[in-house]
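Please examine the sequence and the model below before reading on. The paragraphs that follow treat backbone geometry, helix packing and aromatic pairs in turn.

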Amino acid sequence: MSAITTRKAGRFIGQSVARKEDRRLLTGHGLYVDDVSLPGMLHAAFLRSDVARGTITRLDVDAARALDGVVAVYTWSDLHGTFGEAWHTMLGEELQVPPPLAIGDVRHVGEPIALVVAESRYLAEDAIELIEVDIDAGRAVVDFNTAAADTTNIVHQAWGLTSNAMVEVPFTPLSPDLDEVFANAAHVVECTVEQNRYLCVPMEARGILASWTPGRDEMDIVASCQGVHETRIFFSRYLQIPESSIRVSARDVGGGFGQKMFVFREECAVVLASRMLGRPVKWVEDRRENLLAASHSRNETGRVRLAIDADLTISAITVDHVADVGAYPPCPAIIDPMLLPGPYKIPRLGFSMAMVWTNTMGKGAYRGPWMFETTAREMAIDHAARTLGIDAVELRRRNLLAASDLPFTSPGGNLFKEITPLETLEHALTMLDYDAFRREQVQARAEGRLLGLGVCAYVEPTSMGVQSLASEGATVRVETSGKVMAFLGTTSHGQSIETTMAQVVADTLGVEYDDVTVVQAETQSTPYGPGTGGSRTAVIAGGAAREATLAVRDKVLAVAAHAMEAAVDDLDIDGGSVFVRGTPVKSMTMAEVAKAAYRNAHLLPPEVGSGLEATVRFRPNTFPTWSNATHLCVVEIDRASCIARVVRYIVSEDCGPMINPTVVDGQISGGVVQGIGGVLLEDFVYDGDGNPLTTTFVDYLLPTTTEIPVVEIGHVVTESSTNPGGFKGMGEGGAIGAHAAVANAVGDALAHLGINVLKTPLGPNDIHRLLVEAGAD
């Protein structure tokens, strides 16, 4: 299905060309951090706290230092005073990365206390076992819903704080008549939506190889990260040396999902160790460490109120939001309340919010960090429909924005244009055959089966104008061979950037896709880029690649015009050849143009110049670029096992013109899988003392192909006016929409039993508990 669009697919843009990455990755020739080895390389391992909160009363590392093969053992006293500022450009100076090792006390299980550097990882782990540490345990703060009110047990008491509230914003009505509207509404529906803690779990955990060259005072870093340039800038501050003295490369990165956007304290410790020893030091996180001590996500609640008029118009929405940010949040990723109304014509908004510290692992970014705004709203809408005894689909139909309602300014000040919320809803319902499903559900219930449909509509701010994320650089060059190189500031970790950006360059320049090579994730050869995240690559990196390629195209035409004694306006480029329109036999290959530009540069007139290269920085004309989608999920719950099985999953997405439809659908499907996992399988659990209970894949369950159906994907296409390609970001949408869609599907399957689902996770034990509480087991 397509809405109004005028752009035609190009020769490569809009086509599902074969991915350039596949040849090496599918044949086992990817190069990850652990694949890189250097002469004299050492290996690092961390001693971590097994206590959530306490004072270190004794730390004896002598036996570890004496072990054969151990090169060094570091504690805080060894690293103190060896580093500078520890902050990220995007987050600002206020949010400092904590010290590399614990200083006198510990504040969550998994906090690093000591670093061992040895000839092998095995020896380093053996040495860890020889370290003796005594911790005087205190009472841990674990429940984030009560943490702010706890004035006795303070997570960061050593900082002189008297509260566990990192940030508190009192209730703020954004509409002057908000109270009046709620007072006069035909219906006021309230509920508390609770979202569980779950994790990024990239296939490749965190890793870094740091190599200090003493004679040159240079640091070479290979990191599994999402932004090599920001990693270099961070360590320039941290090591107090110029950026030019640091080289960062990422090679292949096995997933990130936001977790690898920022530098962690362990990586800081490894870099310091390399400088102190003058040797390469590698640390590759094991899976238990990743679950225990890499950033956690979600884990928040929202008390939502809806004011609904007699004609089912939602006239106001509010939320009182509380988020758990753990002990040391790498990136708090708090709710943006301005997004709470989402793609609905809701005219009034109010909110309060609190970010609270607990003695758990810190909160960080996870694919779709503003997902809770969608989850809270969409689960509340389903709750309202159940409360009022109406169809949740019909309630959405009455309130969703349609293309004809645009432009529309939300009560949070967001200007929506070029989105299709109602259209994607109707498209998805058509794909499902909604009326037929409801008939099937009636029959299923008569047979005692638990069949349900969940709906989620959302709007996603992509390519945001947040500080360093607002622009991207690209250098495009035609080589002497006539082949094309594109140097981008991106750091791909699964987004197929080498493929999609090659498509943009090939189409824009008029060369073959196979003749374009994309270079990225290497600070010495690529222009600055803030990192790959925030669904920004297609719009901003694609815009930079296009503009740089257009500049090179002008150079190619100028050189060819001189060589062919033709007017520039009479020339065109296609298939790697420059030709005179109407006279295709009069042409030059790109290699011949390159020869004229490089080898015969002395023959070119001054106004033509020499070389076929251009560097451009691109910034969209407005921020953000909005995309949207509707997700439908059908589940059936087995009464005997209480397992919810996803029967069908449908997405209608409007992400604008697609550079590569296969890549787009892969990104959507991957996000959906993460959302399904977060509701039905994944749940990171602490006990009341702050001890983690789910630190292996035996306990922390991930979705597999057994639990995931084929995701059915349709597209509504509207172009964005923020960038010349008309593109929209879409990398995070699948994860944003899936959580509420799956939870609402379980809720719909159980609603006729008097069960009201407002909390996740919804694994078998959770569903069984709901059935027992309702007397329906």
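Where is Pro407 found? In this predicted model, Pro407 occupies the loop between helix H11 (392–399) and strand S16 (408–409). The peptide bond that leads from Leu406 into Pro407 is cis, and its omega is near 0°. A cis peptide bond also joins Thr760 and Pro761, here with omega of about 15°. Pro761 belongs to the loop between H18 and helix H19 (764–773).

Positive phi values are a further feature of the backbone. Arg251, a residue other than glycine, has a positive phi near 50°. Its place is the loop between strand S11 (246–249) and H8. Because its relative accessibility is 37%, Arg251 counts as partly exposed. Cys642 is likewise not a glycine, yet its phi is positive, at about 65°. The loop that holds Cys642 runs between strand S26 (625–637) and strand S27 (644–654). With a relative accessibility of 3%, under the 20% limit, Cys642 counts as buried.

Helix H7 (residues 228–239) packs on helix H8 (residues 265–277) at an angle of about 55°, and the two axes are 12 Å apart. The crossing of H7 past H8 is right-handed. On the H7 side, Phe234, Phe235, Tyr238 and Leu239 take part, and they meet Glu267, Cys268, Val271, Leu272 and Arg275 of H8. Divided by class, this contact of H7 with H8 has 7 nonpolar residues, no polar residues and 2 charged residues.

Another helix pair is formed by helix H17 (residues 661–680) and helix H18 (residues 733–750), which pack at an angle of about 40° with their axes 7 Å apart. H17 and H18 are therefore oblique to each other, and H17 passes H18 in a right-handed crossing. H17 contributes Ile668, Gly671, Val672, Gln674, Gly675, Ile676, Gly678, Val679 and Leu680 to the contact, while H18 contributes Gly734, Ala735, Ala738, His739, Val742, Ala743 and Val746. The residues of the contact of H17 with H18 comprise 10 nonpolar, 6 polar and no charged ones.

The aromatic side chains complete the account. A pair of aromatic rings is described by the distance of the centres and the angle of the planes. The structure holds 13 aromatic pairs. One of them is the edge-to-face pair of Phe46 and Trp283, with 5.4 Å from centre to centre and 85° between the planes. This pair links distant parts of the chain, as Phe46 in strand S1 (residues 42–48) and Trp283 in strand S12 (residues 281–284) are 237 residues apart. Both Phe46 and Trp283 are buried.

Phe83 and Tyr238 form a stacked pair, with 4.9 Å between the centres and 15° between the planes. Here too, distant parts of the chain are linked: Phe83 lies in the loop between helix H3 (76–79) and strand S4 (105–106), Tyr238 lies in helix H7, and 155 residues separate them. Ring pairs join Phe83 and Tyr238 with Trp76, Phe234 and Phe235 in a cluster. Among these residues, Phe234, Phe235 and Tyr238 also belong to the contact of H7 with H8.

Technical notes:
Residues numbered from 1 in each chain as written. Predicted model: local features only at pLDDT ≥ 70, side-chain atom pairs only at ≥ 80, totals over all residues. Heavy atoms only, no water. Axes fitted to C-alpha atoms, helices over the stretch in contact; angles between N-to-C directions. Helix = DSSP H or I, 4+ residues; strand = E, 2+ residues; numbered from the N terminus. Left-handed = near helix turned anticlockwise from the far one by under 90°. Contact = heavy atoms within 4.5 Å. Nonpolar A, V, L, I, M, F, W, Y, C, P; charged D, E, K, R; others polar. Phe/Tyr/Trp six-rings, centres within 6.5 Å; stacked < 30°, edge-to-face > 60°. Buried < 20%, exposed > 50% of the residue type's maximum accessible area, 1.4 Å probe, protein only. Parallel < 35°, antiparallel > 145°, perpendicular 65-115°, else oblique.
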